[in-house]
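Biologist: Before I plan anything around this protein, could you take me through the model, residue by residue where that helps?

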Amino acid sequence: MKRKILIVEDTPAIALVQKHIALKVGYEVDVAETLAQTKILISQNNYFCAVVDFILPDAPNGEAVPCTINAEIPTIVMTGSIDKKTRDTVEKFPIIDYIIKENKQAYQYLEKQLKRLPRNESVKVLVVDDSISTRHYIVSLLLRHKYQVSEAEDGKQALEMLAKSPDISVIITDNEMPNMNGDELCSEIRRLYNNDEKAIIGISGADSSELSTLFLKNGANDYLHKPFNNEEFYCRLSQNVDMLQQIATIKRQANTDYLTDLPNRRYFFEQANNSLKELSLKKVNGALAMIDIDHFKSINDTYGHDAGDQVLKGLAICLKKYFKKYLVARLGGEEFAVYFADETPQEALKRLEGFRYFVENNSQEFSKEKIKLTISIGFSTGPVYQMDTLLKQADQKLYEAKEAGRNQVTS
Ligand SMILES: Nc1nc2c(ncn2[C@@H]2O[C@H](COP(=O)(O)OP(=O)(O)OP(=O)(O)O)[C@@H](O)[C@H]2O)c(=O)[nH]1
């Protein structure tokens, strides 16, 4: 279900731009031009967030802001200008942010914020502080921006929680705590987890300029001095979450085949090699199947490259479903592979034969041209703990399957 946003704006041209941005980001949009309309809409709907104009014809002193805030709707305030009186009024309320309309970047910034709010719902943040009041204050700031939050009262508890919830991606930690200081916690987290998995923000009220350096040298990504300004807190936090997400995107792209969305050769080799190393310790055999579309060149030549691409995508979808339990990849061109770590050769071969049969009888569903095709499969297993060797053997078996007339599994 789409998230719903309420735009409160009396200038139609501005409301239109805001609506366009919100629709682009993926929200369902309602627009109110007055405070009276705002109240009616709030009584009838459940809003994920609101963008509220500070001055309205029937709300000249920012009265629409408490209206959405009291209804517990995360609120972004848009103002014409931010004089002292407006800023004081705006800062009285726990809003998400305020944006000055005349600013050139205002609408780009609004788009960023509207994208971040739903994103934050899946970001887990751990707050580590022995002071209950500070912890609760930071938690309230995080909840306002829809982050998922956990709390720990010292470093030891924080490490236990990280072990239990590996998907915590941001740690905000105080420095002066019993048992373990924040900088010590930082270096322990860095010893246990990769830099690109978790961001750490250190916080301290101590008046020592060396503390920020200490935090950063021990692996923190950022540092805030207490008491801090809420806007600075949110900016530093968002930048760190953005950074983690950009790294995750780059990693995903580096490991994924662009056409089929399957893992690529690089990722496949890395994972299978790691698995083979583990299997060698247990003296258990891994197995590898190489799957190749028969006469794929003639499919391209007859139906065109786009139809060929459709066939590759269709086959990839079926491979992913059919071999859900196993590691599947597109090695390149019309060549795919399945790696079996914990399977008997008999069971693996039974599944491969089942897949070959399925493709022979259902491949017309892969493309709108209803192209019929078959696949050949080479299978290799044994006490071989190097991927290169296993791959060479499977490739040889694939060659034999092709030579023997295609559309078969050879082991
Ligand atoms: N549409 C499309 N074609 C590709 C892609 N990558 C490789 N190919 C084509 O795949 C074909 C592979 O052809 P060949 O290696 O000769 O093999 P084949 O025609 O399948 O014959 P056999 O394997 O011997 O049955 C070539 O025509 C490549 O251009 C791709 O991403 N999309």
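Biologist: Is lysine 283 buried or exposed?
Modeller: Residues are numbered from 1 along each chain as its sequence is written. This is a predicted model, in which local features need pLDDT of at least 70 and side-chain atom pairs count only at pLDDT 80 or more, while totals for chains, interfaces and linings use all residues. A residue is called buried if 20 or more other C-beta atoms, placed from the backbone, lie within 10 Å of its own, exposed if 12 or fewer, and partly exposed in between. Because lysine 283 has 8 other C-beta atoms within 10 Å, it counts as exposed.

Biologist: Where does lysine 283 sit, between which elements?
Modeller: Helices (H or I, at least four residues) and strands (E, at least two) are DSSP runs numbered from the N terminus. Phi of lysine 283 is near 55°, a positive value in a residue other than glycine. Its place is in the loop between helix 11 and strand 11.

Biologist: What is the phi of aspartate 261 near?
Modeller: Aspartate 261 lies in the loop between helix 10 and helix 11, and with 14 C-beta neighbours inside 10 Å it counts as partly exposed. Most residues other than glycine have a negative phi. For aspartate 261, phi is positive and near 70°.

Biologist: Which peptide bond is cis, with omega near -5°?
Modeller: Proline 227 is found in the loop between strand 10 (222-225) and helix 10 (230-255). The cis bond is the one from lysine 226 to proline 227.

Biologist: Which residues does UniProt annotate as 4-aspartylphosphate?
Modeller: UniProt positions follow the numbering used here, with feature names shortened, and annotations may be inferred rather than shown by experiment. The record, an unreviewed entry, gives this modified residue at Asp53 and Asp174. They span 122 residues in sequence and their C-alpha atoms are 36.6 Å apart, so they do not gather at one spot. Aspartate 53 is in strand 3 (residues 49-53), and strand 8 (residues 168-174) holds the other annotated residue, aspartate 174.

Biologist: With which residues is aspartate 53 in contact, leaving aside its neighbours within four places in sequence?
Modeller: Aspartate 53 is buried because it has 25 other C-beta atoms within 10 Å. Contact here means that two C-beta atoms, placed from the backbone, lie within 7 Å. On that basis, and leaving aside neighbours within four places in sequence, the partners of aspartate 53 are Val8, Glu9, Asp10 and Met78.

Biologist: Which element gives the most to the shell around the ligand?
Modeller: A residue belongs near a molecule if its C-beta atom, placed from the backbone, lies within 6 Å of it. Of the 16 residues around the ligand, Asp294, Phe296, Lys297, Gly308 and Gly333 come nearest. Two or more residues come from each of strand 11 (286-293), helix 12 (296-303) and helix 13 (305-322). The most, four residues, come from helix 13.

Biologist: Which residues have the most contacts inside the largest nonpolar core?
Modeller: A nonpolar core is a set of buried Ala, Val, Leu, Ile, Met, Phe, Trp, Tyr and Cys residues joined through C-beta atoms within 7 Å. The largest such core has 42 residues, and those with the most contacts inside it are Leu288, Ala289, Ala337 and Ile377.
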